[in-house]
Amino acid sequence: MNDMTNPDVLARHLKIVGTRPSRPDGVDKVTGRAQFGADMYLPNMLTGRVLRSPHAHARIKSIDVSKAQALKGVKAVITSADFDDLPSEFIPAGEMMVNFRDMTRNVMAREKALYEGHAVAAVAAVSEAVAAQALGLIEVDYEVLPHVMDVDEAMQPDAPLLHDDMFTIGVEPTPAKASNIAKRVEFGFGDLEAGFAKADVVIEREFTTKPVHQGYIEPHACVANVSEDGQAELWCTTQGQFIVRAFCARLLGMEVSQLRVKASEIGGGFGGKTVVYLEPLALALSRKACHPVKMVMSRTEVLQASGPTSGSSMWVKIGATKDGRITAGDALLKYQAGAFQGSPVQPGAMCAFACYEMEHVRIVGFDVVVNRPKVAAYRAPGGPIAAFAVESVVDEIALRIGMDPVEFRLKNAAKEGTRAPYGPKFGPIGLVETLQAAKAHDHYKIPLKPNQGRGVASGFWFNIGGETCASMHVGEDGSVDLVVGTPDIGGSRASLSMMAAEELGIALEHVHPSVGDTSALGFNFLTGGSRVTFSSGMAVVEAARDVIAQLRERAAKIWEVPVEEVEWLDGRANFIGAGEPKSLTLVELAKSAGKTGGPIIGNAAINATGAGPSLATHLVDVEVDPETGKVTILRYTAIQDAGKAIHPAYVEGQMQGGAVQGIGWALNEEYIYDKHGHLENAGFLDYRVPVCSDVPMIDTVIVEVPNPNHPYGVRGVGETPIVPPMAAIANAVSHATGVRFTDLPMSPPRVLDAIDTEQAA
Amino acid sequence: MAKHHVTTTVNGDSVEFLCTTEQTLLDVLRDELFLTGSKEGCSSGDCGACSVMLDGRLVCSCLVLGVEAEGCEVETIEGMAHGEHLHPLQRVFIEEAALQCGICTPGILVAAKALLEKQPDPSETEVRFWLAGNLCRCTGYDKIVRAVLDAAAQMRAGAASSASGKSSIGNKPATARA
Amino acid sequence: MDYQTPTSAEDAARLLSREGAQVLAGGTDLLVRLRAGMASPAMIVDIKRVPDLRGISHDARGWRIGAATSCAEIGEHAELSAAWPGVVEALQLIGSTQIQGRATLGGNLCNASPAADSVPALIAAGAVCEVVGANGRREVPVEKIVTGPGKNSLARGEFVLGFRLPNPPKRSGDAYLRLIPRSEMDIAVVGAAVALELDAKGTCTRARVALGAVAPTQLLVEDAAKALVGTSVDDAALEKLASAASAACKPIDDKRGTVAYRVKVAGVLAKRAARIARERASAK
Amino acid sequence: MARLILSGNLQQLAGGDSEVEIDAQNVKQLLRALSERYPALAPHLEQDSFAIAIDGEIFQDVWFAPIGPDSEVHLIPAIRGG
């Protein structure tokens, strides 16, 4: 919607955009009043529970639910037999191309259980206790099969096969033999040989990362209520109520309009709540029992059966000249998809070298299935993994040629007009500005002590737009209801109502935002890809301008003047034609709305395009205990291009939160499976997300290089902050110890082992 | 086995409920008393989202049996504000954007209030270690720690009382009036 | 599941001697096991109303800590913290502030986790348990309670009523250190406690060294203690201590650490704990 | 005529062509022309979801985004994100 671009908006003095008002949902959130997924209670509500596979890979020979069915208090039992099988085809479901054959098998195992925790049956009963007892009465006859957890092992020709109908896409000709390799992707251009020939220094290294979970504190939860006539309501914690509707309707064979989905307040998602797990099961149970059914995952279930993002095995080779010019880059990325195809290796490959001006570049990626839960999006999906490898090698090259790592990046930084490794040329982007800010930052000048090291890394994320609606209703007293279709996961009701108030020229307190259910608005793509402040912001601005146009018409009618002679400024219509100046406020016009033509409602239904990439540079100082291998984060500074920070406090919050998730990914978070494929750390005790005392204050610098395609210059900011941290920390630990770290996480035993091995050598 | 009849005090009011031995205090607060401000994030005492005060001690309500509450004083997030007057911590958390998704916020506020009652002038390190049992995945803790330190300073300066008038409209403070 | 709240040690012992009875004190381990389906006792015996199970007292013999006293209460006790700083530091490392409000010394010992933080410190300090059961009361050194992961030497019906710590001798000091991956909220990968006594010249006359999480039970390492006695706890002695501590380890590889890591770090922590204990002893 | 640049997998499917001139005023026309010229590409253009970069600006699922006579056009995989 570039036609909405309005330079004078950026030029004019902004009264609300760029300030730090309190969020409209603040009081509900600090008083415990806010209703999250598990906080909904309905009369006659049953408790639903899921029976999960104890095996990493097993054929399901039979399931006998008769004993469970017969138990007093059990109202419904379901298995895959209660869902239609769906063909293996990628069909559009609410903006996404989805293979429903895989999705229906992921929510409820059919022929095989493909990972520990894979749902095989579910029950609805009058109480938690009865439901738990019923699960124990379900008899599943498994034929245990050999399993494979590691991406490199899964790619071996003799590896256990998860899907005997999987033939690698993206290699010509398509292989005749089935494998665990779902897809091969390749990006790049130029002549690698010639590029590396020009290099004075060439460094290549192998890297591995472990799967990590989004770690939202609120487990998946929902309440489904299907009535006898098939009308269905679903309350759930999700990043996209319209996506949940699209998925569930297809899985249950319903019309989308038969199903009304209301998004609860959401207790964190980070990409992990963009898919469905419990929702279709709760609907199927409710449909069978004709009762409302509530389902809530335990933390163990969350870790065994939802998320995470891919583990990986990578190889990166970069060449550069003595004077610090990158001559060529080559990368091989192998990502775990979990039990079904669809790892984020493609965006990972596209991000890998996106920070740099590359003349000769190639990235090859493989999407590989293993006996682990199907991965879900996690903040800049795929990007952080590739960036860990590439930014580590970039750091090593700078070190080798004796150039400051920020200086080296500045020399090679992508800028407006640079051709991205995936093809197109960048518009205006702010990487150079973040690097200059890093160089100028006090943090970069603080002297370090023994066993301390400083690391720097940059990161890129595309950002997206997508289908978005907003509706603005002017009340009879001039107050404004703002309805948007994207769940508020981190303060978007604040930023969106700020843009509405700015456009209308009224006080923020008169704008009352809410997140509409699927019957309130047209389709909205989900909250993800850092699109909400950008896309819903565009829709809100367009809806506001729709309202303003109507207000100007009403005033023109009242004054009997041409509408061209009425301008809208600071919340009032002013007559700017020849003669007596006249003026009517929004409140006055709202009062007479009935008489002047009826209620005033502004609507926008758009497919937002023109999202601007957000780039970042992070600085981190660490101290390593050489006797125990324990890494302490001493200092952290995140610098990022926000285009325009609508509410700077929440932009800082995104940067700080992403950085600390990155600290966890770098130092301690990992899935630990035993040799049977059983998860050994399915809880917050041993799946170690950073706690408050693990981290310092996270300093932030917001750089603003406006996105010309947004009325306020907004770029999404949520994803990019998790791209640089792992590499920045690995670089810092390497400088503190003199040992290069290429495997995550850098937990104390791994770090001490590396230090000792180095000293022994 | 028959349910237990338990008499206790919740946020100053005397309350009676029936529960099985298996039900935790968190189960009872949420499912029997519908006080859903206390959240269940892990049911193993690792996330702190269910933090409440039990006879003046900060505890995870998921690690207390409902029957153990017999004769006890329980304070939850629902009891933190007085009428329309938010507690200074609640007000500062809103003003300083110390929450994003807000799921951990009730537990963190209950825990922070317990800290400031014990130590009105905590250092950053004291705040960080006191709150180590309250996981937050959104904020990186920065704004949370700052908000606790600032609320403490305001309470010490007695700003709390004079500001509580403002907190009565905590959802639309001066800054919002553009 | 039945729930009982006996008000005398004898009633508690009687109830606990029944089949399927499970003692409840702070509940920070039991409730996790219940929720995870790892325990399903027929009866829960909440012993917190038994007299003498809570509170801290001091007499000529030394200190007495009720077994069901919460770690938070103990941590707030200034005199006890001054007398046995290592013991108090150790039990304050158990879990979060919230866990501290419930967790008890008796529970931390009787759950018999090889990684329990308070146990090495209690052993180094020479603490003794008051055990009560159907056949009356007995006193048992702490190191004799844990017999293996999840196993203790208490007979059915027996439970720990309290702990006794001697009055610390002149010029004595104790310390406990543990290694965890984060700064809080983890189970110890390795734990090391040292209690020692110096003479007027600063020579170590008595020492006890205990290790946690490096064997099926906590270890009282005689050789490590010998490495200190007769020395000024100088660097040479500390190196001997470290190798003795490492040599005593019989750890396993698990999700929290490797054998090699635990063996090495046990020595490192023993050394560091001994330094702190020495400083404390010479400060008295 | 707009210049369409192909790389990686798409280049393979287009028989190795890295750059083609295509007469199209918008994305829909471009996709149709492409399927006609490269039948091997057709199923992928339907199955996978693509984004189209026109002179550096990325359009996802926008059939009628205008393509200028001298536009440089890239076909890239759609981006979603978390």
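Tutor: Let us begin with chain D, where, among contacts between residues at least 6 apart in sequence, 50% join residues at least 24 apart; two residues are in contact if their C-beta atoms, placed from the backbone, lie within 7 Å. Please keep in mind that this is a predicted model, in which local features need pLDDT of at least 70, side-chain atom pairs count only at pLDDT 80 or more, and totals for chains, interfaces and linings use all residues. Residues are numbered from 1 along each chain as its sequence is written, while chains are lettered from A and ligands numbered from 1 in the order in which they are written.

Student: What is the mean pLDDT of chain D?

Tutor: The mean for chain D is 87, and 98% of its residues reach 70 or more, where pLDDT is the predictor's confidence in each residue, from 0 to 100. For the model, the scores are ipTM 0.97 and pTM 0.96.

Student: And how many helices and strands does chain D have?

Tutor: Chain D has three helices and five strands, which run β-α-β-α-α-β-β-β from the N terminus on. Helices (H or I, at least four residues) and strands (E, at least two) are DSSP runs, numbered from the N terminus.

Student: How compact is chain D?

Tutor: Its radius of gyration is 12 Å, close to the 12 Å that the globule rule gives for 82 residues, so chain D is as compact as a globular protein of that length. That radius is taken over C-alpha atoms, and the globule rule is 2.2 Å times the number of residues to the power 0.38. Along the principal axes, the C-alpha atoms of chain D fill a box of roughly 35 × 25 × 20 Å.

Student: What share of chain D is buried?

Tutor: Of the 82 residues of chain D, 39% count as buried. A residue is buried if 20 or more other C-beta atoms lie within 10 Å of its own, exposed if 12 or fewer, and partly exposed in between, with C-beta atoms placed from the backbone.

Student: OK, chain B next. What is the share of buried residues there?

Tutor: In chain B, 62% of the 178 residues count as buried. Chain B has six helices and five strands, and its elements follow the order β-β-α-β-β-β-α-α-α-α-α from the N terminus on.

Student: Which domains is chain B divided into?

Tutor: The division gives domain 1 (4-79) and domain 2 (88-170) of chain B, with bounds that come from an automatic or database domain assignment. The centres of these two domains of chain B, taken over C-alpha atoms, are separated by 22 Å, and their contact takes 13 residues from domain 1 and 11 residues from domain 2. On the domain 1 side of that contact, strand E3 (residues 51-54) of chain B gives the most, with three residues.

Student: What about chain A and chain B, how many residues does their contact take?

Tutor: That contact takes 54 residues from chain A and 52 residues from chain B. On the side of chain A that touches chain B, the elements that give two or more residues are helix H2 (26-31) and helix H19 (648-667) of chain A, and H19(A) gives the most, with eight residues. By class, this side of chain A has 28 nonpolar, 17 polar and nine charged residues; Ala, Val, Leu, Ile, Met, Phe, Trp, Tyr, Cys and Pro count as nonpolar, Asp, Glu, Lys and Arg as charged, and the others, Gly among them, as polar.

Student: And which element of chain C gives the most to the side that touches chain B?

Tutor: Here 21 residues of chain C are in contact with 25 residues of chain B, and on the chain C side H2(C) gives the most, with four residues.

Student: Last topic, the sheet in chain A: what is the order of its strands?

Tutor: This open sheet of three strands in chain A has the order E6-E2-E8, with antiparallel pairing. Strand E6 (112-113) and strand E8 (139-144) of chain A stand at the edges, each with a single partner strand, so one side of each is left without a neighbour in the sheet. Strand E2 (residues 58-64) of chain A pairs with E6(A) over two bridges, where two strands pair if DSSP finds at least two bridges between them. In that pair, A:Ala58 stands opposite A:Ala113 in E6(A).
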